[in-house]
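Before going through the questions below, please take a moment to look over the sequence and the structure.

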Amino acid sequence: AVRAVVRMGIYAGCRMFIIKEGYQGMVDGGSNIVETNWYSVSNIIQQGGTVIGSARCQDFREREGRLKAAFNLVERDITNLVVIGGDGSLTGADMFRQEWSDLLKEMVSKKMITAEKAKICSDLNIVGLVGSIDNDFCGTDMTIGTDSALHRIIEAVDCIAVTASSHQRVFV
């Protein structure tokens with residue numbers, strides 16, 4: 001999904017960024033928000049799990065954390081996000097979207113950004129992709145991660161079954 005999003009964005013003429021460690025990286029900013037290119041996502045399609053990291057983020061659950069995250073995005077003129085995750089990630093994205101205009105107003109009042117910058121970044125667009133191995137998200141046939149997780153399980157069971165039969169015993 002990361003590879004597809006980055007490459008499609010580049011194809012569409014967009015500047016693309018990767019935020020490492022999810023919302024924690026968005027709150028922390030700095031080197032966690034990396035402009036990327038076509039080659040940055042080469043040779044990752046075969047890797048399971050997320051290549052950009054994932055982290056639970058207590059800071060993002062609080063308004064102050066979301067304010068820091070908003071500042072880190074606005075500082076780079078990022079106003080479009082693709083959020084890949086489960087219920088917590090997508091709920092956080094929706095809350096962030098709902099608060100966006102108030103966060104901009106607060107940053108202007110605290111002189112963190114100018115009114116012109118707030119106007120340029122006035123809209124936050126979010127696309128949510130369900131990324132979870134649980135495959136329990138309403139409205140999806142199969143979540144991103146389910147197929148690769150099931151594939152890994154089948155590989156492990158097949159290997160154990162072969163080993164068990166060669167030893168003529170049962171493995172639990």
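Q: Which residues of helix 3 are called buried, and what makes a residue count as buried?
A: The buried residues of helix 3 are G65, R66, L67, A69, A70, N72, L73 and V74. Buried means a relative accessible area under 20%, exposed means over 50%, and partly exposed lies in between, with a 1.4 Å probe and only protein chains considered. This is a predicted model, in which local features need pLDDT of at least 70 and side-chain atom pairs count only at pLDDT 80 or more, while totals for chains, interfaces and linings use all residues. Residues are numbered from 1 along each chain as its sequence is written, and side-chain values use heavy atoms, with hydrogens and water left out.

Q: What do the buried residues of helix 3 pack against?
A: They pack against strand 1 (16-19), helix 2 (22-28), strand 2 (33-36), strand 3 (80-85), helix 4 and helix 5 (115-120), where contact means heavy atoms within 4.5 Å. Helices (H or I, at least four residues) and strands (E, at least two) are DSSP runs, numbered from the N terminus.

Q: How do you know whether the span of helix 3 agrees with its number of residues?
A: The expected span of a helix is 1.5 Å times one less than its number of residues, and for the 12 residues of helix 3 this gives 16 Å. The end C-alpha atoms of helix 3 are 16 Å apart, so the span agrees.

Q: Why is the pair E106 and R63 called a salt bridge?
A: The closest N and O atoms of E106 and R63 are 2.9 Å apart, and a salt bridge is a side-chain nitrogen of Lys or Arg within 4 Å of a carboxyl oxygen of Asp or Glu, so the pair qualifies. The pair links distant parts of the chain, with E106 in helix 4 (residues 87-109) and R63 in helix 3 (residues 63-74), 43 residues apart.

Q: What makes R66 and E99 a salt bridge, and where do the two residues lie?
A: The closest N and O atoms of R66 and E99 are 2.6 Å apart, and they form a salt bridge. R66 is in helix 3 and E99 in helix 4, 33 residues apart, so this pair too links distant parts of the chain. Both R66 and E99 are buried.

Q: How do you know which residues belong to one network of salt bridges?
A: The side chains of E106 and K110 also meet in a salt bridge, at 3.0 Å from N to O, and K110, at 45% relative accessibility, counts as partly exposed. Salt bridges that share partners join R63, R66, E99, E106 and K110 into one network. The structure holds eight salt bridges.

Q: What makes the chain more spread out than a compact globule?
A: The chain has six helices and four strands. Its radius of gyration is 20 Å, well over the 16 Å that the globule rule gives for 172 residues, so the chain is more spread out than a compact globule. The radius is taken over C-alpha atoms, and the rule is 2.2 Å times the number of residues to the power 0.38. Along its principal axes, the C-alpha trace spans about 75 × 35 × 30 Å.
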